[in-house]
Amino acid sequence: GIPGTVTISATQAGNGTYAPALPVFQSFNVIPAGGGGCTAEGSLSRDVWYDVSGVTVADIPLDATPDLSDEITVFEIPTNVDDNYGTRLRGYLCVPQTGNYTFWIASDDGGELWLSTDDDPANKSLIANVPGWTNSRQWNKYSEQQSAQIPLVAGEQYYVEAYMKEQGGGDNLAVRWQVPSGAIEEPIPGSRL
């Protein structure tokens, strides 16, 4: 048969009381959690640069070595932890269903969300951004926070990056998505990362 397909059929005959059983043939794709071609490891890498002024992503010194590099297990950083820093989250999304996805980003201060057309970072493009600041998980302050619908394929792995530049006051960064079924995962959980 076709790889990734299960076939079910009934072979038992009917009895004298009932009409003979008709063969049943059903095929369906089996997609393991996280998709058929990728396995969610449950985290994104996080880089943080401290003692950096400014409120835009362009103020983050990406060419310098980060002051902190670690992993996070959900597409969200801790909130209200510091001032004058920048952060980058990056990794891969394991897509659970084929169809159109919509993404949102919330951040304080400026933020950007980038997505590749595949697993290659070189193919990334900006899909959503925060031109000012938002409260934690405030998804609808700016129209730019929401992406267009983006077609993704189950089992494929997509490179993703998010940035946030904090100056003073509160600080946050989170990303959510709406999957093709209409469900919203807020923020995107580790089971998709």
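**Figure 1. Overall fold: zero helices and twelve strands make up the secondary structure.** This is a predicted model, in which local features need pLDDT of at least 70 and side-chain atom pairs count only at pLDDT 80 or more, while totals for chains, interfaces and linings use all residues. Residues are numbered from 1 along each chain as its sequence is written, and side-chain values use heavy atoms, with hydrogens and water left out. Along the sequence the pattern reads β-β-β-β-β-β-β-β-β-β-β-β. Helices (H or I, at least four residues) and strands (E, at least two) are DSSP runs, numbered from the N terminus. Of the 193 residues, 39% are buried. Buried means under 20% relative accessible area, exposed means over 50%, and partly exposed lies in between (1.4 Å probe, protein chains only).

**Figure 2. The largest nonpolar core holds 29 residues.** Such a core is a set of buried Ala, Val, Leu, Ile, Met, Phe, Trp, Tyr and Cys residues joined through side-chain atoms within 4.5 Å. Phe75, Phe103, Leu113 and Leu115 have the most contacts inside it. Two or more residues come from each of E3, E5, E6 (99-108), E7 (111-116), E8, E9, E10 and E11 (172-178). Strand E10 gives the largest share, four residues.

**Figure 3. A salt bridge joins arginine 137 and glutamate 76.** Here a salt bridge is a side-chain nitrogen of Lys or Arg within 4 Å of a carboxyl oxygen of Asp or Glu. The structure holds seven. In this pair the closest N and O atoms are 2.8 Å apart. Arginine 137 sits in the loop between E8 (124-130) and E9 (150-152), and glutamate 76 in the loop between E4 and E5 (85-94), so the bridge ties together parts 61 residues apart in sequence. Arginine 137 is partly exposed at 35% relative accessibility. Glutamate 76 is buried at 14%.

**Figure 4. Glutamate 161 meets lysine 124 in a salt bridge.** The N to O distance is 2.7 Å. Glutamate 161 belongs to strand E10 (residues 157-166) and lysine 124 to strand E8, 37 residues apart. Glutamate 161 is buried, with a relative accessible area of 4%. Lysine 124 is partly exposed at 30%.

**Figure 5. Further salt bridges involve glutamate 185 with arginine 192, and a network of Asp47, Arg88 and Arg90.** The side chains of glutamate 185 and arginine 192 meet at 2.9 Å, N to O. Both of these residues are buried.

**Figure 6. Asp51, Asp67, Asp82 and Asp83 gather in a surface patch of negative charge.** Patch residues have over 30% relative accessible area and no salt bridge; like charges are joined within 9 Å, and nonpolar side chains (Val, Leu, Ile, Met, Phe, Trp, Tyr) within 5 Å. Aspartate 67 lies in the loop between E3 (44-50) and E4 (68-72). Aspartate 51 is in the loop between E3 and E4. Its relative accessible area is 74%, which makes aspartate 51 exposed. Phi of aspartate 51 is near 55 degrees, a positive value in a residue other than glycine.

**Figure 7. Two peptide bonds are shown in the cis form, aspartate 108 to aspartate 109 and glutamate 186 to proline 187.** Omega is about 5 degrees for the bond between the two aspartates. Aspartate 109 is in the loop between E6 and E7. Omega is near -15 degrees for the bond to proline 187. Proline 187 lies in the segment after E12 (184-185).

Terms used: Areas by Shrake-Rupley, 256 points an atom, 1.4 Å probe, with all protein chains shown as cover. Lys, Arg positive; Asp, Glu negative; His and termini not counted. Charge placed at Lys NZ, Arg CZ, Asp CG, Glu CD.
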